[in-house]
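Subject: Structure handover and notes

Dear colleague,

I would be glad if you could read them alongside the model.

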Amino acid sequence: MLAIARKAAIRERLHEHKSVRITELAAELNVTKETIRRDLREMEQGGELIRTHGGAYILDGVQNDIDVGTRQVLKIPEKERIAQKCDSIIQSGDYIYLDGSTTCWSIARKVSHRKLTVLTSSLEIANILSPFDTIKLHVIGGEFSPKNKDFVGEGAIKTLERYFVDKAFISCRSVHIRYGITDTNDGRARLHQTALEHAREKYLVVDHSKLNNVSFSRIAPVTSVDGIIMDQEFPPEWTDYLTAHQIKMF
């Protein structure tokens with residue numbers, strides 16, 4: 001297969017799935033993994049994609065969902081900085097909610113030494129926290145999503161409605177001053193909405209790449225949260241907006 005045909009096939013898969021893996025592409029296109037790596041390098045140089053260990057992804061369009069296998073190896077230092085900030089906000093004895101995002105996986109690892117009650121929809125977070133005696137763990141049931149390793153659907157929402165927490169930490173695919181907090185999946189957006197409604201303090205945890213973008217399903221306006229926890233300083237327009245609306249910046 002010629003390089004132009006391979007790259008066309010890679011583009012098609014990226015636009016459909018938002019992420020690709022080198023091993024899968026090599027098998028599907030009947031070429032070596034090194035050939036695929038070279039194609040991805042050239043496509044990244046052309047601004048078509050973002051490479052990661054073992055594959056590549058794009059953030060394109062309102063339905064920009066990325067497989068959890070890709071997300072868990074993206075922006076690890078950024079997520080760790082966010083987790084460090086969250087750890088300083090959380091107090092021993094708190095009841096907290098952590099959503100199923102890979103950012104909240106990092107938060108779970110950071111707070112595992114604390115005496116906390118943790119409510120989560122994430123199987124991965126349950127696995128992270130289950131070995132620790134100091135953590136009282138409640139896992140929200142529902143339909144299991146293998147793609148994201150969490151529980152979703154009406155069952156998860158109904159279960160979450162039974163509980164209230166001191167602090168909720170949610171992430172999202174995109175956040176925009178005008179259009180608010182958005183995600184790729186309507187069911188997951190509704191779960192986030194319920195978590196925010198049932199929390200005394202509400203925090204959005206996002207890395208800087210999610211600012212000024214919009215995804216498919218609206219969760220809530222930015223003004224619905226008490227604070228935004230990010231990996232780096234906020235741009236001036238965000239600082240002005242959040243200050244004007246008394247939303248804390250971390």
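Two strands are taken to pair if DSSP finds at least two bridges between them, while helices (H or I, at least four residues) and strands (E, at least two) are DSSP runs, numbered from the N terminus. The model is predicted, so that local features need pLDDT of at least 70 and side-chain atom pairs count only at pLDDT 80 or more, whereas totals for chains, interfaces and linings use all residues. Residues are numbered from 1 along each chain as its sequence is written, and side-chain values use heavy atoms, with hydrogens and water left out.

On that basis, 3 strands form an open sheet with antiparallel pairing, in the order β1-β3-β2. Because β1 (19–21) and β2 (50–52) stand at the edges with a single partner strand each, one side of each is left without a neighbour in the sheet. Neighbouring strands here are turned against each other by 20 degrees on average, direction ignored; axes are lines fitted to C-alpha atoms, for helices over the stretch in contact, and angles run from 0 to 180 degrees between N-to-C directions. Between β2 and β3 (residues 55–57), which run antiparallel, there are 3 bridges, and Arg-51 stands opposite Ala-56 in β3.

Two helices pack on this sheet, where contact means heavy atoms within 4.5 Å: helix α1 (residues 3–17) touches β1 and β3, its direction making about 125 degrees with that of β1, and helix α3 (residues 33–45) touches β2 and β3, its direction making about 140 degrees with that of β2.

Within α3, Glu-34 and Arg-37 lie 3 residues apart, about one turn of the helix, and they form a salt bridge whose closest N and O atoms are 3.7 Å apart. With a salt bridge defined as a side-chain nitrogen of Lys or Arg within 4 Å of a carboxyl oxygen of Asp or Glu, the count comes to 15.

Best regards
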